[in-house]
Every structure is written in C-alpha cells, then in structure tokens.
Amino acid sequence: MSHLPVKNIDTMPINREMVKTMLERRIPDYTLEQPFYTSPELFRIDMEEIFGKEWIFAGMTCELPKKGSFITLELGDNPIVILRDNNNEITAFHNVCRHRGSKLCLTQRGKSPKLVCSYHQWAYDLDGTLVYAGSDMGDDFDKQQFSLHPVHCESAGGYIFVCLADNPPPIQEFLDDMNLYLEPHGMEDTKIAVQSEIIEKANWKLVVENNRECYHCDGSHPELLASLLEWDDNNDPRSTPEFKALVAEKQALWDTLDIPYLFKGAYNNRNRLVRTPLKAGTHSMTLDGKVASTKLMGRITSPDLGALRILHLPNSWNHGMGDNLIAFQIIPISPQETRVVTRWLVHKDAVEGVDYDPENLAKVWTATNAQDRSLAENNQRGVNSVAYQPGPYSKTFEFGVINFVNWYCERLEENLG
C-alpha cells in the first residue's frame, strides 16, 4: 500500500480547506497525517470545531454541593464557570465580565452568593444577571442588557457536560442512560476523595488513542492488570470461554441486585457504557483487588459489581465500582500538551483513615497514569520525526482506536461544513 508523502509541518500551510483535503484522502484504519498531532493551526481548529462544538465533560455535580458553589474550566481561549444557582440548578456561563472582558472567577473552585469581577467590581447574580455596575455608568445604562453569556449545560448521573455551540449535538439518550446506569452509585451523595492533575507532553488525540486500546497493557501496566480484564465485550475476538462464563455468572448476580449492565453503544462511537467483571476474586482497582472503601456507594450492597466503564468523547473515560468511581478528564492545552485530571469518588459519608486510605485508593491509577504519560510522550516524539508516516491499526486489538479516529474525523468534517 502506498503511503502519503511526509511533509514537515513547518513548511506545510494548514488551513480549513487543507484539513478537509487531508480528511478526504486519509487511509481508513490508519493513523492520521502528522499535522493532526503537531500543527498549531490544526490544534486551533480542533479547539474550535471539536472542543468548541461537542459536549465536553466539565466536572462532577458533587463539586457543587451548595447554592453559590462554582468550578471553572478552560476550553482553549474560552474560560467557563459552572455553578449551582439559587434554584439548586446547575448552569454555566462564559467566565467573562460584560464590562471590559476580564476573566471573572479566578479560582478553580469556590463559593459565593454573587460573582464579582475583581477588576471593577461588577457583580452578577447566580442566574447571570448584572446586579451591580457602580454608579458611574450614566442614567441611561441598562443593566438588563449586560447579563453573562450562557453556556449550554447538562448534568446526568453525577456528571456535568457543557457545549459552546449555538446548536449542540443531541445528547439526551446518553444522559438518560447515564442516569440509569449510575443510579445505584448514588452520585449526588459522593465526594472527591483524591484528585490528581498531570500534564502529558502529547497531543490530546494521542492521549485518547492510548486509552482506547489495551494492546499495550501486558507490557506496561502490571498494577492495573491485577484487577482489570483487558476486554469488556463477549464479542471481542480475544474473549475466552472462561471470560464468557464469568460474565454470565456476574450478570446473574447483578440481575438479583437490580444493577444495569448491558452494553450501550449506539451513539455513533461518541459514547459507550457497559458493566463488566473485574478479574475473578477482585472487587476494586487496588493492588490486592480488595475494596478501597469499606463504605459502599449509593444503594449498593455487594462490592462484587465489576466495573462500569463509561466513555464520552472527546474527553472522558471512567470506571465505576461498588466502592468508588474513577473519572478521567482530558483538557487540551497546546498542540503537544494535554492536562489529564483524575478524580476518585467515594460515598460522601466515607471517613478518610477509617473507611478508606487515599494512597491505597489512588495507587493503581496513579501508577497507570504515569505509565500512560510515558507512552503518549514517546508516541509524540516519534510522530514529530520527519520519518513519521501514517501506520496501520490492528483491527483486532485496536478497534477502539479506530472507532475514536473515525468519530473524530466524521465530527471534524461535519463541523467544518
């Protein structure tokens, strides 16, 4: 098979029409051309057309426990504030003062009855309306014309999603499934026990591609494989008769506990949900396979729930067990930098040092994240080379990566128009 010509990004003009051309000529089931992983211009297009038009995982509802609680998020050049308003609803706004455009909320999280700009003290109510603009704006100044600009915001199953587009893509089916599958976990009654942030010096797509396959797991993730089974689908060509028997056994148990588990993936590759067993005899993603928290989540009465795997493209994957839930979030920073945020959630009444040990809770995925960072950064270093050419994915072992790349290309092509 012939390969596309290699051309160094420094000499390749990248604009929207060039991106369309590269999408049209891409080789199916191959990695993308170099600029998709290296180009500042293409990164800017990603932020406009993917992170600026798709639904983005923004945080957890438990991070907003009371009216006036807020968290902030940066999507490229767009700062956003997400808050719980006076009606106890979760809503979002562009984190930009309507006076002179200053960034409004300057901390990652907080609580305040009003949002006050530190520049000139303009103040906004929790519904975004301007309530104070000083006394120097003139008699004809109409505060009602200067409310904060809203951002589309939805929450389900304890997760918060935002979308910057004027007309967001459909998401309701996924939200309904999130509510159903996470209901047993009682996500409104959780807390973040541990949170970590690392910067991977790799393009965000390489970070996602690494997550979407376990082809590399045997050689890279000994801690994770103490509990994790590499596959989560009976139709996976690698699944064994022993795995299928384990699935049948656990699904029979989950039926008696009224725990949903069936695979949900009819979302055009954007989302997937499935509850799948962990290794026989293990109950959580810990080094010894024992629960990380003796206080189970929600209405769960058995720790033997395997892991609820949730994928939401472009920026989240998750593992929900009987005792804790791990939520991963990626935020692109630059063409070759990606922030990876990991949250470990437990029941809000679980007591640190009594019900759980934070170090034990986070140990497996702290090690796995560090290993994945090394893999993604080495991947980026090779992709930067003049020798890089698109290479073939394994249809057997990397079908999840193929699904992601197909989703990305389809959404980018459609959003470019």
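1. Ground rules. The model is predicted, so to speak of local features takes pLDDT of at least 70, side-chain atom pairs count only at pLDDT 80 or more, and totals for chains, interfaces and linings use all residues. Residues are numbered from 1 along each chain as its sequence is written, and side-chain values use heavy atoms, with hydrogens and water left out.

2. The largest pocket. It holds about 620 Å³ of space. Its lining has 35 residues, and Asn-211, Arg-212, Asp-232, Arg-272 and Arg-309 are the closest to the centre. A pocket here is an open set of points on a 1 Å grid over the protein atoms alone where a 1.4 Å probe fits, with protein on both sides within 12 Å along at least five of seven lines; lining residues have an atom within 4 Å of a point. Volume is the space filled by probe spheres set on the points.

3. Who lines the largest pocket. α9 (399-416) is among the elements giving at least two residues, as are α5 (204-211) and β12 (271-276). With four residues, α9 gives the most. By class, the lining splits into 14 nonpolar, twelve polar and nine charged residues. Nonpolar means Ala, Val, Leu, Ile, Met, Phe, Trp, Tyr, Cys and Pro; charged means Asp, Glu, Lys and Arg; the others, Gly among them, are polar. Helices (H or I, at least four residues) and strands (E, at least two) are DSSP runs, numbered from the N terminus.

4. The second largest pocket. This one has about 290 Å³ of space and 19 lining residues, with Thr-72, Leu-73, Glu-74, Gln-108 and Glu-197 nearest its centre. β2 provides the largest share, four residues. The lining counts seven nonpolar, five polar and seven charged residues. Both domain 1 (55-163) and domain 2 (186-389) put in at least three residues; the domain bounds come from an automatic or database assignment.

5. Helix packing. α1 (residues 16-25) packs against α9 at about 140 degrees, with the axes 10 Å apart. That makes the pair oblique, the class left after under 35 degrees (roughly parallel), over 145 (roughly antiparallel) and 65 to 115 (roughly perpendicular). Axes are lines fitted to C-alpha atoms over the stretch in contact, and angles run from 0 to 180 degrees between N-to-C directions.

6. Backbone spots to look at. Leu-313 to Pro-314 is a cis peptide bond, omega near 15 degrees, and Pro-314 sits in the loop between β13 and β14. Asn-88 has a positive phi, near 70 degrees, in the loop between β3 (78-84) and β4 (90-94).
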